Amino acid sequence: MDVQSSRPKDGPHEIAAACAEAMWSEDQASQGLGMVVERVSPGEAVISMTIRADMTNGHGICHGGFIFTLADSAFAFACNTYNQRTVAQHCTVTFLQPGRRGDTLTAHAVERNRSGRSGIYDVTVRDGKGEVVAEFRGHSRTIAGTLLASDSDQDT
């Protein structure tokens, strides 16, 4: 990801982008799996990942845990676009067809509802042909803290 500034700008899209940059800089899991943050906006994220040979199971298809992890990462980036630290409270996934070695899977997370400290996000994972591989629903919970340094933090 291109890191332009750790300080948020005024608009919600700039804040969402700065939050994604802050998260990405610490996200060793997503980086280690070769994920790419394609797009982030308030309450939304698109992340892709190419299925490597070491991500396949005994059936020769993508292990479901990697598909879940891709969806979970998109969910995390979508629910952390408001500069409030937010974590997963509950997640479910339905696998609809296999991912295959060499496929580039894309997870598109969309906020459905956000109220108080709770949120609901739907993530659709598609293969390179645009076919749905999995549907994921994540319930988020806002916790203490922010992702971005405040102006007072910059002055100390």
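## Strand pairing around A88

A88 stands opposite S140 in strand β6, in a predicted model. Strands β3 and β6, the latter spanning residues 132-142, run antiparallel and are joined by 9 bridges; two strands count as paired if DSSP finds at least two bridges between them, while helices (H or I, at least four residues) and strands (E, at least two) are DSSP runs numbered from the N terminus.

Residues are numbered from 1 along each chain as its sequence is written. Local features need pLDDT of at least 70 and side-chain atom pairs count only at pLDDT 80 or more, whereas totals for chains, interfaces and linings use all residues, and side-chain values use heavy atoms, with hydrogens and water left out.

The order β1-β2-β4-β5-β6-β3 describes an open sheet of 6 strands with antiparallel pairing. Because β1 (36-41) and β3 (86-95) each have a single partner strand, they stand at the edges, and one side of each is left without a neighbour in the sheet. On average, neighbouring strands of this sheet are turned by 20° against each other, direction ignored.

Helix α3 (residues 64-79) packs on the sheet, where it touches β1, β2 (44-50), β3, β4 (104-115), β5 (118-126) and β6; contact means heavy atoms within 4.5 Å. The direction of α3 makes about 150° with that of β2, with axes fitted as lines to C-alpha atoms, for helices over the stretch in contact, and angles running from 0 to 180 degrees between N-to-C directions.

## Aromatic rings

The structure holds 4 aromatic pairs, defined for rings of Phe, Tyr and Trp (its six-membered ring) whose centres lie within 6.5 Å, with planes under 30 degrees apart counted as stacked, over 60 as edge-to-face and the rest as tilted. F75 and Y121 form a tilted pair, 5.6 Å centre to centre and with 55° between the planes, which links helix α3 to strand β5 across 46 residues of the chain. F75 is buried at a relative accessible area of 1%, and Y121 likewise counts as buried at 1% (under 20% is buried, over 50% exposed, partly exposed in between, with a 1.4 Å probe and protein chains only). Ring pairs link F68, F75, Y121 and F136 into a cluster.

## The nonpolar core

A nonpolar core is a set of buried Ala, Val, Leu, Ile, Met, Phe, Trp, Tyr and Cys residues joined through side-chain atoms within 4.5 Å. The largest has 35 residues, and L70, F77, V123 and V125 have the most contacts inside it. Helix α3 gives the most to this core, with 8 residues.
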